[in-house]
Amino acid sequence: MADITNQKERSFPKIEFTDSEAGALTFPSSKSRSYNYFEPAKKRATMYEDVTVDVQPDPDRYLTQGWIYGFGDGPGGYPEEWTTAKSSNWHAFRDPNEEWEQSIYRNNTAVVRQVELCLKNAKRARVYESWNRPWLKFIERNVGAWMHVENGLALHVFASIQRSGPVNQINTAVAVNSAHKMRFAQDLALFNLDLSEADVPFEGSAHREVWHEAPEWQPTREVVEQLTAVGDWCELLFATNIVFEQLVGSLFRSELVMQVAARNSDYITPTIVGTGEHDYDRDLGYTRALFQMLTQDEEHGEANKELFGTWLAKWVPRCEKATHTLQPIWSQAADKPVTFADSKQSANAKFVSVLEDLGLDIPKELDQ
Amino acid sequence: MSRQSLTKAHAKISELTWEPTFATPATRFGTDYTFEKAPKKDPLKQIMRSYFPMEEEKDNRVYGAMDGAIRGNMFRQVQQRWMEWQKLFLSIIPFPEISAARAMPMAIDAVPNPEIHNGLAVQMIDEVRHSTIQMNLKKLYMNNYIDPAGFDMSSKAFANNYAGTIGRQFGEGFITGDAITAANIYLTVVAETAFTNTLFVAMPDEAAANGDYLLPTVFHSVQSDESRHISNGYSILLMALADERNRPLLERDMRYAWWNNHCVVDAAIGTFIEYGTKDRRKDRESYAEMWQRWIYDDYYRSYLLPLEKYGLTIPHDLVEESWNRITNKFYVHEVARFFATGWPVNYWRIDAMTDTDFEWFEEKYPGWYSRFGKWWENYNRLAYPGRNKPIAFEDVGYTYPHRCWTCMVPCLIHEDMVTDKVDDQWRTYCSETCHWTDAVAFRSEYEGKATPNMGRLTGFREWETLHHEKDLADIISDLGYVRDDGKTLIPQPHLDLDDPKKMWTLDDVRGIQFASPNITLNAMSDKEREAHLAEYAANGTHAVA
Ligand SMILES: [Fe+2]
Ligand SMILES: [Fe+2]
Ligand SMILES: [Zn+2]
């Protein structure tokens, strides 16, 4: 039984009427109600700008005492020298997606709901049982291999880049990109789990062997691993989002999986892979804006273009090798409405249009 | 999800990682730790499919509370004494948060075990959440609180202010130097596991007592992500402990990280809680009492001590000395007095202490009045312009202190100050441990072994150096701490906004010369310096008018 004889007297802080709300008095700065230390891109600062700009300080702006910790072999903070690309004002960059706390959780939660509903319906309607064997095999092997790509880019490319950009706007956009990739990789993995639990012939762990050993996938794994070895963050972002994602990522997701699935009576895979394409579209948005800023820079634009040309020369052949080696998977589905040549042509056209947006020369390797 | 399907999902997600064979990932952030013999720890994976909706739900609660606070006119009952300190706190804290995000790839690169990479990457997103949700809270204060000055220049002021720089260690320390020292020991094992309790739980409780229930809403929501971060750090710590060769580095880093966190966080949060509150109920916990509960019992006794059996050398002496500084050496009170002494170069206003405050302090910290009472009476007496200079430039028996080269909080416990010629410069340190941190720990060699990845202390570490022999009015206008009439100062040593005559302007502080104690010290002859240091040590913490 509760003891009521020994109840301590409760103690509360006293709430007082202080009239400390905006407008209660007029005095110097009483109406100064916007962050005044940065220039908004448009007339009024957006929520995104308010919570992002200058949160990472800079000795070139207000950081008068400089960075107070250094690395054993060089300066700390976010040195501009961590990339060979140059900007006359990195601070001018704005993420066109305006990612911050609320957008991250709202958008990704919406995607999660869509994917979950789709998978739940598929299970309930037992749709996997109606899929043909070659298609199940296709998913088992190729979509299975692809989830490694997404996870590797999430953890060892995008998460890594966001330590290095000279301004907060860049680093946060890339951090969000990493979250997209991690979510997408997991969605593919959990889809794989659903399939292995369904009453269909599907080997849930086959993807490992394919990713590690299947000859058609090795050059793709090779490029992904080569990406993680790049030290220059800007090259890494360029090589990944401009080159690899166009030539290999979109080719696989949009030009192959999204085109072929429906013809094999699969409307589940396109729903999931479609979220990955949707993410990439967003992420290409900030990437394009960043590299446009760099190629249009009045002072460094020409040098940057030249530099990006060398990056294209390095990464396009690697990605081309990966795509051409992937060619056999185009014939693995039972119903194959697209040819490799069609898919490749379409991916190339999109890649060319991104390069044109950036004002870069089209690499000759694409002419085949 | 059922437990069984959760386990299966975790196992499936583990299949996503692989060992590269074509290329070795770039190690842009090195460590002197080694993980060759590390056992594979397998902390629970975060499933993004449940993570995003869970966080969105938390957010909805936060934003609901924000709407409610504005509709309910919360700012009619917030204490200005409290809100003013938020101009400092909320200028600092979004930077440590975003730095924690930026630190995650350092830990990912340093620890070869892919099992923990997933958790670290999720923490990265959490920290973006924390930084931006806090910036948004600050914006709400700027829009709705009576005096927006100081909030309006927040990130600039953070970057050029002495107090901002002190706070910046809690942030730069996460992202610089040896990847494990920074992103694991300093950030997670000490800052997140020990000190976020005072930051994100104790302090918001005090906010509520001062009429502000938004700070607790936002910070409790932030803190609810912290247990996952703590378990990331714990996994890495156990892996590091598994290799004997890491033991000396762990001992070094625990000492540095513990002491620096104590110097910085207790200085700031202690001041906010003790000097920012109007709640003087005798049964309200003092900062010392909170510290005992959150840091001493919950962290030191429950978390650290059990690690001793895994071979971790725990800095018992430093834990005890922190407690000694907080209680017997009046550390927090010295810091608060220093902040108030320096009011003209702040970007917030500091309220005077009243008899009610005096009584509470004497009750909680016996002996307080004889050390601080007269000084605060003087602060009150010198609060308005016209007849006197700011208190720092009037004779009230207070010596403007030397600054600690390491933690950058001044050497306020005079008898503990250590002075040494390091890197060809006379430097002052608040304590033995801060001296050791600079002279011994942050070096390329430690106990005879090469530590090429260890960080360095850099930058213009004594803030006053930048302003040596400048006129106070010029300093303040260069810093930008001036209101929109072009002359009234943002900082004021009182809370009276109703009478323009009580507000200090640039004209009231013109003609006052500012001097750097460190430059002055280095200009002295050996004899002068010895005499000066002897006097500094002797006039101690008991300066009374
Ligand atoms: Fe955080
Ligand atoms: Fe955290
Ligand atoms: Zn110190």
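**View 1. Two iron ions share one glutamate.** The iron ion (ligand 2) and the iron ion (ligand 1) sit 3.2 Å apart, with B:Glu127 coordinating both. This is a predicted model, in which local features need pLDDT of at least 70 and side-chain atom pairs count only at pLDDT 80 or more, while totals for chains, interfaces and linings use all residues. Residues are numbered from 1 along each chain as its sequence is written, chains are lettered from A and ligands numbered from 1 in the order in which they are written, and side-chain values use heavy atoms, with hydrogens and water left out.

**View 2. Around the iron ion (ligand 2)****.** Here the protein donors are B:Glu127 (OE), B:Glu192 (OE), B:Glu226 (OE) and B:His229 (ND1), at 1.9 to 2.2 Å from the ion. Donors are N, O and S atoms within 2.8 Å of the metal (3.2 Å for Na, K and Ca); water is not among the atoms, so sites may look incomplete. Along the sequence, the donor residues follow the spacing E-x64-E-x33-E-x2-H. B:Glu127 comes from helix H5 (residues 117-144) of chain B and B:Glu192 from helix H8 (residues 179-209) of chain B, so this pair, 65 residues apart, links distant parts of the chain. Helices (H or I, at least four residues) are DSSP runs, numbered from the N terminus. B:Glu127 is buried, at a relative accessible area of 1%, and B:Glu192 is buried too, at 4%. Buried here means under 20% relative accessible area (1.4 Å probe, protein chains only).

**View 3. Around the iron ion (ligand 1)****.** This ion has B:Glu97 (OE), B:Glu127 (OE) and B:His130 (ND1) as its protein donors, lying 2.0 to 2.1 Å away. Their spacing in sequence reads E-x29-E-x2-H. Look along helix H5 of chain B and you'll find both B:Glu127 and B:His130, three residues apart, or about one turn of the helix. Both B:Glu127 and B:His130 are buried.

**View 4. Helices H7 and H11 of chain B pack together****.** H7 (residues 162-175) and H11 (residues 247-275) meet at an angle of about 145 degrees, with axes 9 Å apart. Axes are lines fitted to C-alpha atoms, for helices over the stretch in contact, and angles run from 0 to 180 degrees between N-to-C directions. On the H7(B) side, the contact (heavy atoms within 4.5 Å) is made by B:Ile166, B:Gly167, B:Gln169, B:Phe170 and B:Gly173. H11(B) brings B:Tyr256, B:Asn260, B:Asn261, B:Val264 and B:Val265.

Note on methods: Helix = DSSP H or I, 4+ residues; strand = E, 2+ residues; numbered from the N terminus. Buried < 20%, exposed > 50% of the residue type's maximum accessible area, 1.4 Å probe, protein only.
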